Amino acid sequence: MSTTTDAQSRYNELRSTIGGFTVEGRAHSLSAWFVLALRLVIGFAFLYSGVEKILGGFSAQGYLGNVAATNGNPLEGMFLWMSQTPWFVEFVNVAVPFGEVAIGLGLIVGLLTRLAAFFGAFMMLMFYFGNWDMAHGPINSDFMYMLVFLSVAAFGAGRILGLDAYVEQYEIDGQPIVEKYPVLDYLLG
């Protein structure tokens, strides 16, 4: 038995090229469990937060109008506009809680995982700017949550004990759906 073969089977090769720059690495096979844990934990956190907002009543008016004005936020004017635009406040009052529930459920069951993670990262980016605080530097918990969502998307976490693994293999005219419609690879996984 070769120890090289045993060692190689414990690792997953990673390689990506963007703009002519290539990075390579090896992730331990146990990484799949941690990616799954990230997906489930962030999914539960968002599901819980959304359900809490729906059951407890949620209004974004105060947050949008006040939080950005108190912390030197570079987007203060945009948040003020949002708070003073009734149709936008009504949209946010629905989009945030139900969006959190949809993102949470999508991540927990691993369905449309990349799409859910993208919207979760976008939501956290908006919270990052809304909760702007440079007292401890540019990195805060909202920024870290955004990175968790992006990691879940990048690692195709929906393929790990998720429904995306089954959806991707669904055949249309004898061809897996992601091969027939490659754009789905950006939504599933």
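How many helices and strands does the chain have?

1. The chain has nine helices and four strands, where helices (H or I, at least four residues) and strands (E, at least two) are DSSP runs numbered from the N terminus. Their order along the sequence is α-β-β-α-α-α-α-α-α-α-β-β-α. This is a predicted model, in which local features need pLDDT of at least 70 and side-chain atom pairs count only at pLDDT 80 or more, while totals for chains, interfaces and linings use all residues. Residues are numbered from 1 along each chain as its sequence is written, and side-chain values use heavy atoms, with hydrogens and water left out.

2. Overall dimensions and burial. The C-alpha trace spans about 65 × 45 × 35 Å along its principal axes. Of the 189 residues in the chain, 33% are buried (buried means under 20% relative accessible area, exposed over 50%, partly exposed in between, with a 1.4 Å probe and protein chains only). Among contacts with a separation of 6 or more, 62% are between residues 24 or more positions apart; contact means heavy atoms within 4.5 Å.

3. Helices α2 and α7. The axes of α2 (residues 31-56) and α7 (residues 141-154) come within 10 Å and cross at roughly 130 degrees. Axes here are lines fitted to C-alpha atoms, for helices over the stretch in contact, and angles run from 0 to 180 degrees between N-to-C directions. The two helices are therefore oblique to each other (under 35 degrees counts as roughly parallel, over 145 as roughly antiparallel, 65 to 115 as roughly perpendicular and the rest as oblique). The crossing of α2 with α7 is left-handed, meaning that the near helix is turned anticlockwise from the far one by less than a right angle; clockwise would be right-handed. On the α2 side the contact uses L38, R39, I42 and F46, and on the α7 side Y145, V148, F149 and V152. Seven of these residues are nonpolar, none is polar and one is charged (Ala, Val, Leu, Ile, Met, Phe, Trp, Tyr, Cys and Pro count as nonpolar, Asp, Glu, Lys and Arg as charged, and the others, Gly among them, as polar).

4. Helices α6 and α7. The axes of α6 (residues 113-130) and α7 come within 8 Å and cross at roughly 165 degrees. The pair is therefore roughly antiparallel, and the crossing is left-handed. Residues of α6 in the contact include T113, R114, A117 and G120, and those of α7 include D142, F143, Y145 and F149. The contact divides into 14 nonpolar, two polar and two charged residues.

5. Aromatic rings. The structure holds twelve aromatic pairs; rings of Phe, Tyr and Trp (its six-membered ring) pair if their centres lie within 6.5 Å, and planes under 30 degrees apart count as stacked, over 60 as edge-to-face and the rest as tilted. F129 and W132 are a stacked pair, 5.7 Å centre to centre with 5 degrees between the planes. F129 is partly exposed, at a relative accessible area of 21%, whereas W132 is buried at 17%. One aromatic cluster is formed by W81, W87, F88 and F91.

6. Residue G189. G189 lies in the segment after α9 (177-180). With 0% relative accessibility, G189 counts as buried. Its C-alpha atom is 6.9 Å from that of L112, which is 77 residues apart from G189 along the chain. Beyond its neighbours within four places in sequence, G189 is in contact with T113, R114, G156, A157, G158, R159, D164 and E168. T113 and R114 of α6 also take part in the contact with α7.
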